[in-house]
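The sequence and the structure come first, and the description follows.

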2 protein chains.
Amino acid sequence: MKRITIYDVAKEADVSLATVSRVINDSNVVREDTKQRVQEAIEKLGYKPNAIAQGLALSKTTTVSIVMSEKLFAYNGKILNGLMDVAKIYNYNIMFHTTSKGISKMQDVIESIIKSHVDGVILFNDNFSEDEMEVLQEYQIPMVVVGSQLAETGIDNVGNVYVNFEQMAYDMVNQLFDKGITDISLVEDKLNLSMMAQLRSGIEKAFTKKGLEFKKYISYDDTYKSSYNFLTDYFKSHKPSQFVFTFRDSQAIALLNTCQEAGYKIPDDCQMVCILNNKYLSMTRPNISTFNIPEYDMGAVSMRLLTKMLVDDDSIKNKDSKQIELGYSFIPKGTTN
Amino acid sequence: MKRITIYDVAKEADVSLATVSRVINDSNVVREDTKQRVQEAIEKLGYKPNAIAQGLALSKTTTVSIVMSEKLFAYNGKILNGLMDVAKIYNYNIMFHTTSKGISKMQDVIESIIKSHVDGVILFNDNFSEDEMEVLQEYQIPMVVVGSQLAETGIDNVGNVYVNFEQMAYDMVNQLFDKGITDISLVEDKLNLSMMAQLRSGIEKAFTKKGLEFKKYISYDDTYKSSYNFLTDYFKSHKPSQFVFTFRDSQAIALLNTCQEAGYKIPDDCQMVCILNNKYLSMTRPNISTFNIPEYDMGAVSMRLLTKMLVDDDSIKNKDSKQIELGYSFIPKGTTN
């Protein structure tokens, strides 16, 4: 089961390792007859140059790390597709890191990223604290954070591709106010705390402008089953809000099912939107109103931005050009009037 | 933006690259005072040994490729979690390859796997044909195929972790026969053709044994929307089968919604099961009957098997020990009697 290595090629061709490496990397300093001998040895042994070692020899690897939470595979599939498609176009190797509570400390992930000398890193929001990003910055690894907008930081070499969730919530609440609706709730999604913070801030800004205070930021264990049980119990003694923001499909569907089972009519007694869109929102009765967030594009644009950062492209010399905001639109369905 | 390399360390410590490499890899042949000089240089420059280069130097990388279809992120999340958790325990680097129609030819993926000299490969069923697996075998890369059972092949160095979908379907159909139900359909899932083949084979075996012929293998474009439109139209002039096997949640939910909207009662007029379980099957009314398939375990066991294959562990010397069948159980809910 021995695998052919560069050492075997050097021995076969009777040259040094450095010479084999130069031939593989198309250097001009090798004599033509030596080059030929090495190439014959490579063919004879069936040796495949190691892409990574080749990269090292050229002091240029083509490896990018993607770091995401294990919990979010199902939700970030489209972003991941966008990332991978562009990575393929540029022939990048993708090193995959997942974070999960209890098994991988963020510190270990950082250590592993640094040790593998990747060229760049794509982070999903909520994986890393600012302190942790600063550690990565010390090693001067270009990074792109995908998801929501970063707070203004001292960190320089960081790109950001995001949707403006604050604006989204602010605009929607103002429209609700225009219709006389002020009893509004936001259900917390613990997997996406930075996006939650932005939604909450948008709602609060609209409330403050109106001279009101926003009080219904609602938090409970947010798996479908526990949401379902909590809400079933809750609706025994409470009425639903006039309008509820949820973030993930399972939260929205738990609300829809429990409301209806408690005898409330949707959307007459309670309107709701689910921020993240997916096909399941069209499978419920009624269908759940949502937003069109360009997830595939977020992935593709993030990876494209990273390719530019890796070659220090002129078009991204100033900081603002690395902050890319993508648009969204409201998709009204059966749970809103 | 220059990154510190092993060359810088060698220069700083005034030793050869080989010496630095030996120190990094804890070789005993380096003199203590030299070792100390190198370590001081590493600390002074803040050099992080490259995990991959370190692996090469020991002629032992710790990199495993995971190859999966882009389309299946959302469905194989739990398998991926199992794979990643075990990979972390063994400190493996994960190189991530996705396949997608139109962008990545399988041939390119194979080339990229071979070039990166990974130690082992995890394949999801339906990604690779047998011919393609044979190409990988020529390079003697240990592989584990996860999902369904491989046909008997000449391929030797391949592990297989699977659930017996044929048996699953065979047993269920026999139970249906016992209840007098013979009008049975299987809806094709184009993303999981090898698993479909096994389900179909199980159903056919049961039919043949009973002296009947299985005719209702149903194929249509299988996104939720097109299934929904197709079935809405279909039920204008047809009745549903007595019992329908579907594979993915969206197919099951499309059937459930269209049946009910056409005025049929579930499960009285049509019973159904969805083979792959997930939370969405508990969000419909009624909840959809399904199977408990140990997805996380499939991932974890696959990666553990690969670790054994990589060190040529005694416990997996014979071929059978690399074929691991995992159990499953039926979860009856509201769509079956």
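## Overall form of chain A

Chain A holds twelve helices and twelve strands (DSSP runs numbered from the N terminus, H or I of at least four residues for helices and E of at least two for strands). The model is predicted, with local features needing pLDDT of at least 70 and side-chain atom pairs counting only at pLDDT 80 or more, while totals for chains, interfaces and linings use all residues. Residues are numbered from 1 along each chain as its sequence is written, chains are lettered from A and ligands numbered from 1 in the order in which they are written, and side-chain values use heavy atoms, with hydrogens and water left out.

The C-alpha atoms of chain A fill a box of roughly 85 × 45 × 30 Å along the principal axes. The radius of gyration of chain A is 26 Å, whereas a compact globule of 337 residues would have a value near 20 Å (taken over C-alpha atoms; the globule rule is 2.2 Å times the number of residues to the power 0.38).

## Burial and contacts

Of the 337 residues in chain A, 53% are buried (under 20% relative accessible area, with a 1.4 Å probe and protein chains only). Among contacts in chain A between residues at least 6 apart in sequence, 68% join residues at least 24 apart (a contact means heavy atoms within 4.5 Å).

## An open sheet in chain B

In chain B, six strands form an open sheet of mixed pairing, in the order S7-S6-S8-S9-S10-S12 (two strands pair if DSSP finds at least two bridges between them). Strand S7 (217-218) and strand S12 (329-331) of chain B are the edge strands, each pairing on one side only.

Within this sheet, strand S6 (residues 184-187) and strand S8 (residues 243-246) of chain B run parallel and are joined by three bridges. B:Ile184 has B:Phe243 in S8(B) as its bridge partner.

Strand S4 (residues 143-147) of chain B has five of its five residues buried. In a regular strand the side chains alternate between the two faces of the sheet. Both faces of S4(B) are covered, with B:Met143, B:Val145 and B:Gly147 buried on one side and B:Val144 and B:Val146 buried on the other.

S4(B) pairs in the parallel sense with strand S3 (residues 120-124) of chain B over four bridges, and B:Phe124 stands opposite B:Val146. S4(B) also pairs in the parallel sense with strand S5 (residues 158-163) of chain B, over five bridges; here B:Val144 stands opposite B:Gly159.

Conventions
Buried means under 20% relative accessible area, exposed over 50%, partly exposed in between (1.4 Å probe, protein chains only).
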